[in-house]
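Please look over the structure shown below before reading on.

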Amino acid sequence: MGQPIELHYWPTPNGHKVTIALEEMGLAYELRPVNLGLGEQFRPEFLAISPNNRMPAIVDPDGPGGEAVSVFESGAILRYLADKTGAFGGADARAKIQVDEWLFWQMAGLGPMAGQANHFRFYAPAMLADQRQVAYGAARYTNEVHRLYGVLNGQLKGREFIAGDYSIADMACWPWTNPWKAHGIDLAEFPELAAWRDRIAARPAVQRAMAAAEKVKQGPTLADSGEAAEAARRVLFGQRAR
Ligand SMILES: N[C@@H](CCC(=O)N[C@@H](CS)C(=O)NCC(=O)O)C(=O)O
């Protein structure tokens, strides 16, 4: 086996997508924690591979042409790994289109909207004096996440997985539905999605990926009132161009 892929990682849904893919594909990898609450995403050596100061990012010593390559943005990483291994990316040109539709849907819709719902439901109350602003934001993003759960539930009718066969689209979407309770979702409304969630949770590779997350030191919960959470909120919220 060649050198392991470096995964610059923190245990969040965007991080879980990549550990799931690496485990499913049987690729050797090494976790390089990026402690977001401490601002490690701003280190120059990390910015050199991920200029958006966001994890995940990978460095594959065995990239195209046998040369090392780095990749940032979790959707690009999943597509890179699927193309590298020839697995989970769609078996033919039509299947690949479907996989990418849902991969991009997650990247542009489910992920960002669920992130905003989380922000307004749990973090903004501690940060905003005017709770009416909190309520508006919370309702807007909670509604949108509810709509997106409905879209995914509809796609899963008559299908075991999002694009038919299990794919990187499932690996991208599944971790973002783990906090369904926090998103204000009642899974009883979305039975196809609930059954799909169970099918994926039962996969040994997914269980290994989630166990790997447990080994990385978790930061404070950003909604906490303690000093560590306050410091992490100062690092993470209100960023502007540097
Ligand atoms: N579109 C990016 C989003 C990645 C992202 O938002 N990562 C968050 C953690 S889930 C992060 O690194 N945040 C650091 C920061 O906000 O400074 C991807 O999917 O890779």
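**Briefing on the predicted model**

The helices α4 and α5 cross in a left-handed manner, where left-handed means that the near helix is turned anticlockwise from the far one by less than a right angle, and right-handed that it is turned clockwise. Helices (H or I, at least four residues) and strands (E, at least two) are DSSP runs, numbered from the N terminus. This is a predicted model, in which local features need pLDDT of at least 70 and side-chain atom pairs count only at pLDDT 80 or more, while totals for chains, interfaces and linings use all residues. Residues are numbered from 1 along each chain as its sequence is written.

**Packing of α4 with α5**

- The axes of α4 and α5 come within 8 Å and cross at roughly 150 degrees, where axes are lines fitted to C-alpha atoms, for helices over the stretch in contact, and angles run from 0 to 180 degrees between N-to-C directions.
- α4 and α5 are therefore roughly antiparallel to each other, given that angles under 35 degrees count as roughly parallel, over 145 as roughly antiparallel, 65 to 115 as roughly perpendicular and the rest as oblique.
- Among the residues that make this contact are Gly 109, Leu 110 and Met 113 of α4, together with Gln 131, Val 134 and Gly 137 of α5; two residues are in contact if their C-beta atoms, placed from the backbone, lie within 7 Å.
- The residues of the contact of α4 with α5 divide into twelve nonpolar, five polar and two charged, where Ala, Val, Leu, Ile, Met, Phe, Trp, Tyr, Cys and Pro count as nonpolar, Asp, Glu, Lys and Arg as charged, and the others, Gly among them, as polar.

- Helix α6, which covers residues 168–177, is mostly covered, since ten of its ten residues are buried; a residue is buried if 20 or more other C-beta atoms lie within 10 Å of its own, exposed if 12 or fewer, and partly exposed in between, with C-beta atoms placed from the backbone.
- The buried residues of α6 include Ile 168, Cys 173, Trp 174 and Trp 176, and what covers the buried residues of this helix includes α1 (13–25), α3 (74–85), α4 (93–127), α5 (131–155) and α7 (191–201).
- The axes of α4 and α6 come within 8 Å and cross at roughly 15 degrees, and that makes α4 roughly parallel to α6.
- The crossing of α4 and α6 is left-handed, and its contact is made by residues including Val 99, Trp 102 and Leu 103 of α4 and Ile 168, Ala 169 and Ala 172 of α6.
- By class, the contact of α4 with α6 holds ten nonpolar, two polar and no charged residues.
- α1 and α6 pack at an angle of about 140 degrees, with their axes 8 Å apart, and the two helices are therefore oblique to each other.
- α1 passes α6 in a right-handed crossing, and the contact includes Pro 13, His 16 and Lys 17 of α1 as well as Met 171, Pro 175 and Trp 176 of α6.
- The contact of α1 with α6 has eight nonpolar, one polar and two charged residues.

**The ligand and Pro 56**

- The residues that surround the ligand include Asn 53, Met 55, Pro 56 and Glu 73, where a residue is near a molecule or strand if its C-beta atom, placed from the backbone, lies within 6 Å of it.
- The shell around the ligand divides into five nonpolar, five polar and two charged residues.
- Pro 56 lies in the loop between α2 (44–47) and β3 (57–60), and Pro 56 is buried, with 24 other C-beta atoms within 10 Å.
- The peptide bond from Met 55 to Pro 56 is cis, with omega near 5 degrees.
- Leaving aside its neighbours within four places in sequence, Pro 56 is in contact with residues including Leu 7, Val 18 and Ile 77.

**Two residues with positive phi**

- Asn 53, found in the loop between α2 and β3, has a phi near 45 degrees, a positive value in a residue other than glycine, and Asn 53 is partly exposed, with 17 other C-beta atoms within 10 Å.
- Glu 73, placed in the loop between β4 (69–72) and α3, has a phi near 75 degrees, a positive value in a residue other than glycine, and Glu 73 is partly exposed, with 16 other C-beta atoms within 10 Å.
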